[in-house]
Amino acid sequence: EMFHIGSRISGLCKEKKLIEALRLYNPMINQTIDPSEVTRVTLCYEFCEIDDSERANDILERLDKKLWTRTVTTLIRKLCCAGKVEMASLFFTKLLDKKPVVDRVTLAAFKTACYDNHKYELFSMFSDRCSQIESVKDAE
């Protein structure tokens with residue numbers, strides 16, 4: 001059942017019927033059923049594609065911490081691959097706010113996307129923030 005709902009949500013997302021997809025997704029969350037990572041990322045990513053990061057964030061905020069972290073890191077990587085660096089930076093900021101240590105793969109994807117899109121200052125800002133976090137961690 002859940003697999004079929006997830007497939008329907010993905011299909012609706014591909015057709016850009018995001019409100020219909022949300023109508024299927026929301027009852028799953030309300031019933032404390034965890035949609036698959038593919039479903040979560042697809043729905044958030046498609047909202048980011050239409051520059052609706054607020055809606056994507058609303059979807060994310062309803063997840064528990066572990067699912068939130070997994071979904072956000074995957075979303076950041078996917079946005080980076082698509083060259084949506086500014087959108088990725090919004091979620092990277094939220095990730096650093098909640099989880100100060102970022103995995104190397106996500107950091108590398110973000111760095112590569114920043115450099116490929118000539119956003120050197122943007123990466124530098126995040127790099128400085130990560131360094132500050134590491135310095136505080138080392139001092140403790």
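This is a predicted model: local features need pLDDT of at least 70, side-chain atom pairs count only at pLDDT 80 or more; totals for chains, interfaces and linings use all residues.
**View 1. The largest nonpolar core.** Let's step back to the 42 residues of this core, where Phe91 and Phe110 touch the most other members. Which elements give two or more residues to it? They are α1 (2-14), α2 (18-30), α3 (37-49), α4 (53-61), α5 (65-81), α6 (85-98), α7 (104-116) and α8 (120-139). As a friendly reminder, nonpolar side chains tend to be buried together in soluble globular proteins.

**View 2. Packing of α5 with α7.** Here the axes lie 9 Å apart, at an angle of about 25°. With angles under 35 degrees counted as roughly parallel, that makes α5 roughly parallel to α7. The crossing of the pair is left-handed. On the α5 side, the contact is made by Thr73, Ile76, Arg77 and Cys80, and α7 brings Val105, Thr106, Ala109, Phe110 and Ala113. Six of these contact residues are nonpolar, two are polar and one is charged.

**View 3. Packing of α3 with α4.** How do these two helices run relative to each other, roughly parallel or roughly antiparallel? Their axes cross at roughly 160° and come within 8 Å, so α3 and α4 are roughly antiparallel. This crossing is left-handed. Leu43, Cys44, Phe47 and Cys48 of α3 meet Arg55, Ala56, Ile59 and Leu60 of α4 in the contact. Seven of the residues in the contact are nonpolar, none is polar and one is charged.

Methods
Residues are numbered from 1 along each chain as its sequence is written. Side-chain values use heavy atoms; hydrogens and water are left out. A nonpolar core is a set of buried Ala, Val, Leu, Ile, Met, Phe, Trp, Tyr and Cys residues joined through side-chain atoms within 4.5 Å. Buried means under 20% relative accessible area, exposed over 50%, partly exposed in between (1.4 Å probe, protein chains only). Helices (H or I, at least four residues) and strands (E, at least two) are DSSP runs, numbered from the N terminus. Axes are lines fitted to C-alpha atoms, for helices over the stretch in contact, and angles run from 0 to 180 degrees between N-to-C directions. Angles under 35 degrees count as roughly parallel, over 145 as roughly antiparallel, 65 to 115 as roughly perpendicular and the rest as oblique. A crossing is left-handed if the near helix is turned anticlockwise from the far one by less than a right angle, and right-handed if clockwise. Contact means heavy atoms within 4.5 Å. Ala, Val, Leu, Ile, Met, Phe, Trp, Tyr, Cys and Pro count as nonpolar, Asp, Glu, Lys and Arg as charged, and the others, Gly among them, as polar.
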